[in-house]
Every structure is written in structure tokens, then in C-alpha cells.
Amino acid sequence: MNTSLPQWDLRSIYESFDAPEYRRDQELLVEKMTAFLSSLDSTIPDDHTAAAEHIVSLIKFYEEAGDIAENLSSYAAAVYTANTRDTRALNEINKLDELTMPFGKALVIFRGRLAEKNDLVLALAESNEKLKPYSFFIREALKQSAYQMSPEMEDLANDLARSGGDSWSRLQEIISSTTSILWDPVTGERKTVFSLRDMAHHHDRSIREKAYWAELDAWKSVEIPLSASLNGVKGTAITVDTRRGWKSALEKSAFQFRMNISTLDTLISALENSLPMFRRYLKTKAKILGIKTCAFYDLFAPVGTYLKQWSWKEAVRFIPEQFDLFDPAMGNFARHAFRLSWIDAEGGRDGKVGGAYCTEFPLTGESRILCNFEGSFDSIITLAHELGHAWHHEVVKNQSRTQTGYPMTLAETASIFAETLVLDAALKKSGPEERLSLIEEDLKGCCQVIVDILSRFYFEKNLFEKRSGARIPPAELCDMMIDVQKQTYGDGLDEDKLHPYMWAVKSHYYSTSMPFYNYPYAFGQLFALGLYSKAKKDGSAFAETYKSILRLTGTASAEDVALSAGFDIGDRAFWESGLAVIETRVNDFEKLAGEMLA
């Protein structure tokens, strides 16, 4: 564990769970939700002026209660994910779940009230000046009203979620963040599974392989409770969503991510067509590593002679400087985040969850970032990714809640755009040895976002189909995972050294409310490449255009946001243009590798 890395400072949000401000906001939340529910007792008036006033007042209650609920929940989750052994944080999460239950009920009734006067509400949303700013939110709420149960049934579902799906999800968090295994029998040193995963970046293949086998052993030791968790999450989702009228989890997913199913089909088809390109990349990487075929534990292996380890101090300087080249405001924002300790970067800490995420606090207009910084360029990219999310929030924070609820597809566009800024700047400054390593770092990430994401998409489709019939035992889950990895990685990886427990590793599978938490990353990758190409063409003027696009993400479909940038994402040619950028890098990588090996 690197103790020199920073932990975040949450005190500007709340000093602690015992702080007066935290308790005050809990009380205020109850007050606002009670008022919201009370105002929903009556139907929307038929008089147009009175109806508009009534709808506006309902939306204001929704926004006020929603902002407070998110602020409290984000704080409790931040404390908990930084240390899953903190029982007080877990208790507060459970308490907040209970406190916010009326809010879920109010939303159901609110959508129902709008649907009762559907034609009137739609007409007012387009014509009334007070309601026009909420037009998209209202239309989406009316669509969602068709996919909800009665208020009583929704209330029961939300109540049961606390001891059902949500608890299964937290079980995965607790197990994965605390599971460890003996690493050194002589010293007695143990390593967490996430520390072992970080060792996949090690330059020594024997270390990577040792960590891989140790990790698999660790996951196997907890496969029974984790498979129970996954079965519980998906079983709950299938039962409840069927009752709500969704034809499939994929239909629900596309709605949540504001995409047409036809657009999703086009995207998946383009991803499938790109697989041979990525297998070429992996075969070239194997040649550089001096091996016949890459194993799963070679996916993140560094290549070339440029094996720079980045210090935190270098990261703090480098990332804002690259943001500056696109938009000085974005660079200064990153410095602000570093300076005010918005980032928890310490890796390998017992109880801290793996991976990385960015969370927002609407009442203070701040963000916080959790990551596990281990000094590779991949860590730099991850940090830039999360700062891209934070910048997105910064740009939209002064808009109302109904205008900032952007879907994951567009959220990931902002984060990957930030990654691309950092990578491209690094490539421009690199010599031949550095260039080989940096291009490989980028392709490594693209391989995850395209190939591995496609494997996860296949796995989850299969998972929903099989789980609708019966519980799936751990061995079958492992077989399913190996099968989709063979489908996607193909002969780019050694089929005897794949990763059967990726279903246990990825927390994204363990959400009852958000299925297919995977393909939006591929969407974001390719959409961001399109935006970046436009940025290079338009020059400095694009910084303002980009902020306009970010502001639109909460009030338009993915297709309409893309059209505002001049793109048709229903056309396969758009996705292939982004993949063509990646193919250019694969070609460069093959050329540089050939020169190095000659």
C-alpha cells in the first residue's frame, strides 16, 4: 500500500454522520418528501394556467427532495466504499434507504398524475413558458409511467429491495473489498484481490502469472456467496421488471440510456466487426513480450523499454496541463480538485473497493473521485477519465435537477473525451520508445472498452436468459464467462488461460436497477473519438461547443445529442469511423513493433 497517496476530504460535504448539517438535511429530506406526497393528493386541474402552476410546484418538490437525497446518499456511499469495514457507514446507507422510500413512492404517483392528463400535460410542456424548460423531463416521465406498477406495489418493491436486491449488491461489495489470500508464506504477507489485479500491470510475467493464479484461488474461495449474490440481484430484477411491463432487461437498458434499440444493434454489430483488428493487436503484443500467445494476465502487461512509473506529483502536474491545451477552464478545474483533496487515490487499502468512480454532491456543487493509483500510465488515464466525469458535473451543476439527469452513455463520452486529451498530448511529446508504449496503453484500454465490454454484454444477455429459468451455480457462471471470452478474444488469447471469475470481479453486474452497465463504455469511447476529431478540426472554438453538448446531455436522447454535434449514430458508418481511428493506432503499433523486433 502506498501511504504517500492522498485520501479524499469529505468535510466540505459533511463533517461526519453526527454533524448538525447531516442531521438537518435528513430532517429537511423528510419534510420535502412529505410536502411532495401531500401535493400529489389532488389531480392536475383542467384549467391550463392552474395546471401549469401545479405541475411546476410538483417538479420543484421533486428537485429539492432529490438533491438532498442524492447529497446524503453520495456521502454515505463515499464513506462506505473508502472503507467497507465501516459498519456505521453501512448503517447510515440502510437508514437513508428507509428514509428515501417515500420519495420513490412520490415519483410513481407523480408520473401517474401526469399520465392521467397525458394530452393536456404534453400540450402544456410544449406551449407554456414555465413548463418549457422541463419539457424533456415531462415527456420522459410520461413514457416511464407506462412501465410502473401501482403505487402500492412499487412501494412494496422499494421496501423489499433493502433486504433483497440492494443487500445482495452490498454483499458483493463487502466480499470483493475484503477478500485476501496468502501471497508470501515466509513473511505471511496477504494481498487483497484488487491488489492482485493491480499486479496485472507488473513488467515481470512470472509475477503477473503468480498473481493471476492467486486471484483465481481467492475468487474460488468466495464463489458460493458471490454466485448467490448475482443470482439474487438478477432474479429480483427479472421479477420486478416483468411486473413493470418491460419485455426484456435490454429494452429497459436502452430506455435508461436514452438509445433506440436499433442504434444499439448498430453499435454492437460494429463492435463485432472490429474483433479481428483487436486480435491483430494482441498477437503483435505477444511477439513483443516474446511469447506465443497472450494469456489473460498479459492483457495489461507493459510493453517496450519505456516503463515509466508515474509519481502522484507528476500526475497532479501533467493532467491539468493537457486539459489546458483544450480548455484552460478545464485545466484549472482539475487543479482545483487536486488542491482541495477531492481524490482518494491510495491503492490496496484494506476495505477500500477496487476500480474507480466519480460521485457528485448537488447541494455543494462538488465531486469526489475514488481510484487506486499504482503509477502506470493506465492510472493516469483512469484519473483523467474520472476528472472528465467531474468536469461534466461542473459544467451542468447550475442547471436544475431535471436538466442534469444524463444517461451513462453520455456520461462515459465526457470521461473518455478527457482520456483522449491526455493520451494525444502524451503521444505528441513522445519519442519512438515512448510512443510504442503509449500507443499500447491506449490500445490496451480500447481492447477493454470494445472487446471485453462485448464479452460482458454477451455474458449478461446469457445471464438474464438462464436466470429467468433457474438459479445458476458458480461452475456454470464460470463456463459462461469463459465461453464469451473465447467468442470475443478468439485466438488473441490463450484459451486455457482466460478469467472464469470476471462475473465476480465486475460490480456492474450487481445492480437490480441498471442492467447492461457495459455497452455505454463502448458508446462513450467511439462517440468521444468523434468529438475529439471535430475538436481538432474546429480548434479552440470547440471548447465552448463541447460545453454546450455537455449541457444538453440531461435534456435530450443520445441520438439528439449526437445530432447537435453533427453525427448520426443510427448509421453504422459513424461507429466505424471511430473504430477506424483505433485501427490507425493498431497499424502504428504493428509498424513500431516490427521496427523494434527487427
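Author: Three strands make up an open sheet in the order E3-E5-E4, and their pairing is mixed. Here helices (H or I, at least four residues) and strands (E, at least two) are DSSP runs, numbered from the N terminus, and two strands pair if DSSP finds at least two bridges between them. The model is a predicted one, in which local features need pLDDT of at least 70 and side-chain atom pairs count only at pLDDT 80 or more, while totals for chains, interfaces and linings use all residues. Residues are numbered from 1 along each chain as its sequence is written, and side-chain values use heavy atoms, with hydrogens and water left out.

The edges of the sheet are strand E3 (343-344) and strand E4 (357-361), each of which pairs on one side only. Strand E5 (residues 366-370) pairs with E3 in the parallel sense over two bridges, and Leu370 in E5 is the bridge partner of Asp344. Helix H17 (residues 377-396) packs on this sheet and touches E3, E4 and E5, with a direction that makes about 20° with that of E4. Helix H2 (residues 48-82) also lies across E3, E4 and E5, but runs at about 145° to E4. Contact means heavy atoms within 4.5 Å, and the angles, from 0 to 180 degrees, are taken between N-to-C directions of axes fitted to C-alpha atoms, for helices over the stretch in contact.

Turning to the rings, those of Phe, Tyr and Trp (its six-membered ring) pair if their centres lie within 6.5 Å, and planes under 30 degrees apart count as stacked, over 60 as edge-to-face and the rest as tilted. The count by this rule comes to 45 aromatic pairs. Phe110 and Phe137 are stacked, because their ring centres are 6.1 Å apart and their planes stand at 20°. This pair links distant parts of the chain, since Phe110 is in helix H4 (residues 101-116) and Phe137 is in helix H6 (residues 135-145), 27 residues apart. Both Phe110 and Phe137 are buried, a word that means under 20% relative accessible area, with exposed over 50% and partly exposed in between (1.4 Å probe, protein chains only).

Phe417 and Tyr546 form another stacked pair, at 4.3 Å centre to centre and 25° between the planes. Phe417 lies in helix H18 (residues 408-428) and Tyr546 in helix H23 (residues 542-552), so the pair ties together parts 129 residues apart in sequence. Phe417 is buried, with a relative accessible area of 0%, and Tyr546 is buried with 1%.
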